[in-house]
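Dear colleague,

Please find the structure below.

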Amino acid sequence: MKVGIIGSGGREHALCVSLNKSKLIEKIYCVPGNAGTSQIAENIDFDIGDFERLTNLIKEKQIEIVLVGPEKPLVEGIVDHLEKENIKVFGPNKFASQLEGSKIFTKKICKEYKIPTAKFEIYKDKESAYHFFKECIFPIVVKADGLAAGKGVYICENRDQAKQAVDEIFGGKFGKSEEVLVEEFLKGEEMSFFIISDGVSFKKFGTAQD
């Protein structure tokens, strides 16, 4: 089997290392890949944001299944696009990717299905957030919606810090923002718990911590 891996980080290198152990894998392509993946797979320097050209490349190389690593192409709908082309692809579709791509979407899901989460408010303008800061108990957490490359989260100890965070978010520091998320501060450890699901059944495979 020929496998394609989309991405260029350590995550994709780890996937290459694991897949390379399988006797079922004939060849691994990594798009665009990195120095580590080049020792295991064939790197192809390519713009992964160009879904049409990427589709043609996958067909040309006769890649049978594609694994998508980075969040950005997932949020932009690469899985939906490849599925329409009858290409087997592992990764969440555009709708499901909002759980990673939009903090506000995820908080609304938590609220609707009564999933425990920090108390929160969503504000569409700076003035509304400022008004809340006059009454709230600090510290609080201010978050930009959308992908922010691991950034976009402020732990604010006072009103001035909170106002600065809101100003930066609405000012476009993390891209265009029409809403800002304000959460209560929870003290503790953070970890990720991973599952794979096909929409019907699921398999759990452990936890990880930054």
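Two strands are said to pair if DSSP finds at least two bridges between them. E2 and E3 are joined by two bridges and run parallel.

Before going further, please note that this is a predicted model, in which local features need pLDDT of at least 70, side-chain atom pairs count only at pLDDT 80 or more, and totals for chains, interfaces and linings use all residues. Residues are numbered from 1 along each chain as its sequence is written, and side-chain values use heavy atoms, with hydrogens and water left out.

The open sheet

E2 and E3 belong to an open sheet of five strands with parallel pairing, in the order E3-E2-E1-E4-E5. Its edge strands are E3 (42–43) and E5 (88–90), each of which pairs on one side only.

Strand E1 (residues 2–7) is largely enclosed by the rest of the structure, because six of its six residues are buried. Buried means under 20% relative accessible area, exposed means over 50%, and partly exposed lies in between (1.4 Å probe, protein chains only). E1 is joined to strand E2 (residues 27–32) by six bridges, and the two run parallel; Lys2 stands opposite Lys27 in E2. E1 also pairs in the parallel sense with strand E4 (residues 65–68), over four bridges, and Gly4 stands opposite Val66 in E4.

E1, helix H1 (residues 10–19) and E2 make a right-handed β-α-β unit. A crossover is right-handed if, with the strands pointing away from the viewer, the path from the first strand over the helix to the second runs clockwise.

In helix H6 (103–112), the residues Ile104, Phe105, Lys107 and Cys110 are buried. The cover over the buried residues of H6 includes helix H5 (98–101), strand E6 and strand E9 (180–184), where contact means heavy atoms within 4.5 Å. Just after H6, Lys114 takes a positive phi of about 55°.

Pro116 is found in the loop between H6 and E6 (120–123). Is Pro116 buried or exposed? Its relative accessibility is 78%, so Pro116 counts as exposed. Pro116 and Val31 are 85 residues apart in sequence, and their C-alpha atoms are 38 Å apart in space.

Gly175 lies in the loop between helix H8 (159–170) and E9. Gly175 has a relative accessible area of 31% and is therefore partly exposed. Gly175 and Asp145 are 30 residues apart in sequence and 9.4 Å apart in space, C-alpha to C-alpha.

The chain as a whole

The chain contains eight helices and eleven strands. Its C-alpha atoms fill a box of roughly 60 × 35 × 30 Å, taken along the principal axes. Of the 210 residues in the chain, 36% are buried. Among contacts between residues at least 6 apart in sequence, 50% join residues at least 24 apart.

Yours sincerely
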